[in-house]
Number of protein chains: 2
Amino acid sequence: MASAVELTSRLRALEGKLWTREYLMKIAEFDGATIAPENGAAARGDAMGALAGEHHELLTSADACALVAELEAAVAAGELSDPQAVAEVRTLARDQREARALPTEEVEAWSRLTCEADAVWHKAKNANDWASFEPYVDRIVETLKRHAGYMDPNRDPYDVWLDQYERGMDAAAYDRFFGAVRETVVPLVHAIGERGTQPEAPFLTAHVPDAAQRAMSFDLMKLVGLDLADTCLAFTEHPFSEGFAVGDARVATHIYEDNLLSNVYSVIHEAGHASYELGVNPAYARTCLEGGTSLGIHESQSRFFENTAGRSRAFMTPLLALLRRYAPEVYAGVSEDELYRAVNIAQPSLVRTEADELTYPLHIMIRYDIERMLFAGEATAKDIPALWAKFTKQYLGLDVPNDTLGCLQDTHWSGGSFGYFPTYALGSAYDAQYVPAMERAGIDLDAACAAGDLTPVRAWLRENIWQWGRGKDADELIQGACGAPFDATFYCDYLATKFSELYQL
Amino acid sequence: MASAVELTSRLRALEGKLWTREYLMKIAEFDGATIAPENGAAARGDAMGALAGEHHELLTSADACALVAELEAAVAAGELSDPQAVAEVRTLARDQREARALPTEEVEAWSRLTCEADAVWHKAKNANDWASFEPYVDRIVETLKRHAGYMDPNRDPYDVWLDQYERGMDAAAYDRFFGAVRETVVPLVHAIGERGTQPEAPFLTAHVPDAAQRAMSFDLMKLVGLDLADTCLAFTEHPFSEGFAVGDARVATHIYEDNLLSNVYSVIHEAGHASYELGVNPAYARTCLEGGTSLGIHESQSRFFENTAGRSRAFMTPLLALLRRYAPEVYAGVSEDELYRAVNIAQPSLVRTEADELTYPLHIMIRYDIERMLFAGEATAKDIPALWAKFTKQYLGLDVPNDTLGCLQDTHWSGGSFGYFPTYALGSAYDAQYVPAMERAGIDLDAACAAGDLTPVRAWLRENIWQWGRGKDADELIQGACGAPFDATFYCDYLATKFSELYQL
């Protein structure tokens with residue numbers, strides 16, 4: 001039998017090859033989303049297709065399967081016991097099982113289906129034409145149910161997908177979560193509409209030139225704790241972040257000259273994602289443990305910086321100082337309280353990506369409720385527009401004027417991502433549970449925000465979340481960080497307290 | 001025996017794999033030179049090292065060698081006769097022979113030596129410390145002589161390297177070329193120093209903000225004929241261009257707020273390189289024929305746009321109009337004649353990269369003369385500072401105050417690039433020979449420049465140079481485009497006429 005040293009060296013060699021392809025894929029994606037010329041798309045597509053094919057082949061080859069089997073046996077026999085190596089074996093074996101789950105014909109058919117669906121969706125959204133997209137949704141849901149059977153024939157298909165996007169979650173857990181959100185947030189939103197006064201904030205739409213916003217963005221990244229030697233600022237249509245490697249995680253933003261705060265909160269949000277990727281244990285470099293563990297945990301980092309810290313009353317002190325530095329003519333006459341009210345305006349709206357902190361989870365709930373019904377066979381695609389209208393009225397109190405602003409607004413379903421949306425809501429809910437855990441660790445979040453120095457907060461996040469990379473699953477991280485399993489109560493209490501106070505309810 | 005169709009399909013499969021790695025290498029390089037954060041260098045180095053290793057292995061594997069042998073046999077037997085496929089086989093076979101020429105130990109030792117030399121050179125340049133770098137130069141020259149023996153034992157080593165950088169050139173040809181340049185340019189430079197009057201041009205150092213220069217750069221790329229859907233503008237320390245694929249060639253510039261024309265001519269120069277890469281026959285996509293054929297031909301494209309067209313009197317009309325659009329306060333009072341004189345100031349200087357069109361080839365001559373002596377055993381590294389001083393005095397009439405501004409100024413030798421410099425001078429010399437050929441084809445270069453529409457000029461370059469990619473060597477291109485072999489007379493005449501007139505000699 002091979003020694004632990006020899007096995008580990010073979011493991012790392014395979015991981016290195018996989019890592020190279022993942023790294024290059026990210027570079028190509030980043031390039032495509034930021035600066036690449038339009039006419040280079042075909043070449044990039046070819047190169048990325050080749051990379052993806054090689055990655056899949058490396059991960060699922062007979063040699064790789066034999067190696068993983070040998071590694072798992074060595075772990076089971078206690079012959080491989082280094083904690084990092086054990087975590088690598090667990091993660092790599094899972095990646096391999098998932099990559100092998102579907103027969104090649106299914107993978108190819110799926111790629112064709114979603115590619116076609118995506119093109120149809122783009123047109124349907126522009127033309128407000130649900131009917132043309134409808135058959136794709138049914139076909140995608142049917143296919144996903146079948147695929148779930150390959151992956152775990154003994155489990156409910158929607159649960160299989162929910163677990164794919166967030167390990168340890170299932171419909172029962174989400175039902176409890178969204179039940180609590182529904183009970184707290186829906187009445188709160190209605191109360192604000194009936195009894196709350198919306199602040200006047202003309203500065204929100206004041207003109208701030210591109211050059212000033214660019215310069216500001218770097219200072220903002222520093223303010224939330226990024227080291228500029230680890231990151232960069234790129235420009236793109238839809239802001240995103242991408243972790244490339246130890247020492248390299250990027251922020252891409254979009255500047256609107258008449259909406260400075262859109263850029264401010266995009267940068268802070270993406271800086272949160274980047275901080276997570278940069279905080280992973282450097283010993284995990286070039287292994288399968290690099291990167292973030294789940295969508296929900298990733299979103300919990302971006303939203304923590306954006307909302308929990310970034311939209312707190314305390315953070316208005318350094319934020320206003322920064323805004324005054326780069327847009328003095330606009331912000332000289334604005335007070336911290338006015339800024340605080342303005343960045344926390346809660347108001348029902350139709351489009352998820354523009355929703356505020358309070359109403360955001362209601363947008364997710366609409367999608368979750370519909371996905372649940374589709375997978376349960378209680379609805380088909382033709383029912384979606386009516387269901388969308390019904391839930392939007394019920395949760396947000398709004399009428400849906402058309403499908404473009406309704407059930408056609410998001411790209412996720414056309415790409416086959418069912419079970420993905422709920423993780424967006426989960427992120428903020430995790431955040432609310434981190435705060436008391438930080439307090440117990442002696443960290444004064446408000447003081448750190450007010451001082452414009454998030455060092456202690458970042459240290460806690462690094463210790464409890466970031467450093468573990470993909471080495472721990474979401475549920476393990478929450479248990480470790482908060483001393484208890486995920487509990488939505490913290491989130492509901494946080495929203496109720498913050499917004500009751502803001503709107504004097 | 002395999003059919004032509006089957007052989008071609010195996011050829012293209014190998015080329016596709018090589019192409020993917022070349023493309024990704026360029027993306028990673030471009031990313032590193034433009035936006036990548038400092039701390040991501042190690043990861044990028046790992047990924048690029050892996051790519052280079054895979055590329056070398058793919059190109060030189062037993063399978064690839066057998067395939068190339070089979071292809072060459074099929075071409076020789078007339079069984080493979082499609083002209084493009086024949087050109088691919090010729091080029092790929094040459095790439096393969098060169099990649100296989102050196103034993104692995106030599107490749108590794110070379111990589112270590114140049115890596116170390118580069119680090120030492122950086123320090124030596126900053127510290128004006130030739131002595132510390134000196135032993136590396138001797139070791140590098142010795143190694144290059146040995147390597148040349150692996151590549152072609154029957155040829156003079158310096159000729160082997162000159163041919164590597166520009167197919168068909170050797171020391172005898174360069175001696176003739178530089179002999180002619182010496183006879184024409186040295187007296188001309190001396191005459192300007194003695195009898196010429198330098199123009200006053202305070203606008204050269206006027207402040208033009210970064211944002212205005214960025215906006216201007218896009219219009220400038222369009223002015224010289226680039227389609228913005230094929231390119232992009234990035235920012236970097238040393239301007240460069242990189243051709244990625246059909247439909248994708250990038251320009252990277254550097255903006256100095258008090259030197260607008262530096263950015264102007266960097267953008268035009270790099271746009272010339274990009275135009276070449278973009279003009280390659282689209283049927284060559286993903287084959288070894290993509291890209292430019294040689295350094296000299298590539299430089300002839302960038303310098304054609306920068307100098308032949310871009311610094312012509314006629315081009316001042318659209319250029320001044322553009323400068324007035326983006327810096328009206330600076331250029332409103334400048335005339336076309338004043339601009340023409342200013343962008344053509346010829347004055348001896350110490351640093352090659354800052355040299356003007358006339359004195360530039362003298363900088364190259366200094367380096368060529370020294371390289372020639374080193375390879376001939378007529379000098380060793382310890383003689384270089386004195387030789388540098390001697391040739392600088394002789395050609396440029398200047399004293400060299402220190403080695404930082406003398407023989408330590410360029411990075412090429414530390415990277416092992418001996419035989420590379422002469423191609424820089426060759427580019428402009430090719431240009432001077434293109435002009436009468438264009439005229440014979442009925443193209444009025446001055447009219448095109450004055451009109452700010454280079455379409456006919458670009459069409460000629462595309463037809464005669466660009467479309468051939470790597471499918472023809474430099475000497476074949478010159479013969480085809482100009483109806484005669486390379487002849488330095490055109491270049492000497494061009495410089496003599498232009499600068500005698502400018503300085504009224």
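B:Cys492 counts as buried at 5% relative accessibility, where buried means under 20% relative accessible area, exposed over 50% and partly exposed in between, with a 1.4 Å probe and protein chains only. This is a predicted model in which local features need pLDDT of at least 70, side-chain atom pairs count only at pLDDT 80 or more, and totals for chains, interfaces and linings use all residues. Residues are numbered from 1 along each chain as its sequence is written, chains are lettered from A and ligands numbered from 1 in the order in which they are written, and side-chain values use heavy atoms, with hydrogens and water left out.

**Cysteines**
- Over all chains, the structure holds zero disulfides, a disulfide being a pair of cysteine sulfur atoms within 2.5 Å.
- B:Cys449 is in no disulfide, and the nearest cysteine sulfur, that of B:Cys482, is 17 Å away.
- B:Cys449 is buried, with a relative accessible area of 0%.
- B:Cys492 is likewise in no disulfide, the nearest cysteine sulfur being that of B:Cys482, 15 Å away.

**Relation of the chains**

**Helix 12 of chain A**
- Helix 12 spans residues 316-326, and its buried residues are A:Met316, A:Pro318, A:Leu319, A:Leu320, A:Leu322 and A:Leu323; helices are DSSP runs (H or I, at least four residues), numbered from the N terminus.
- The cover over these buried residues includes helix 9 (210-223), helix 10 (260-278), helix 13 (328-331), helix 14 (336-343) and helix 18 (445-451) of chain A.

Key:
Helix = DSSP H or I, 4+ residues; strand = E, 2+ residues; numbered from the N terminus. Contact = heavy atoms within 4.5 Å.
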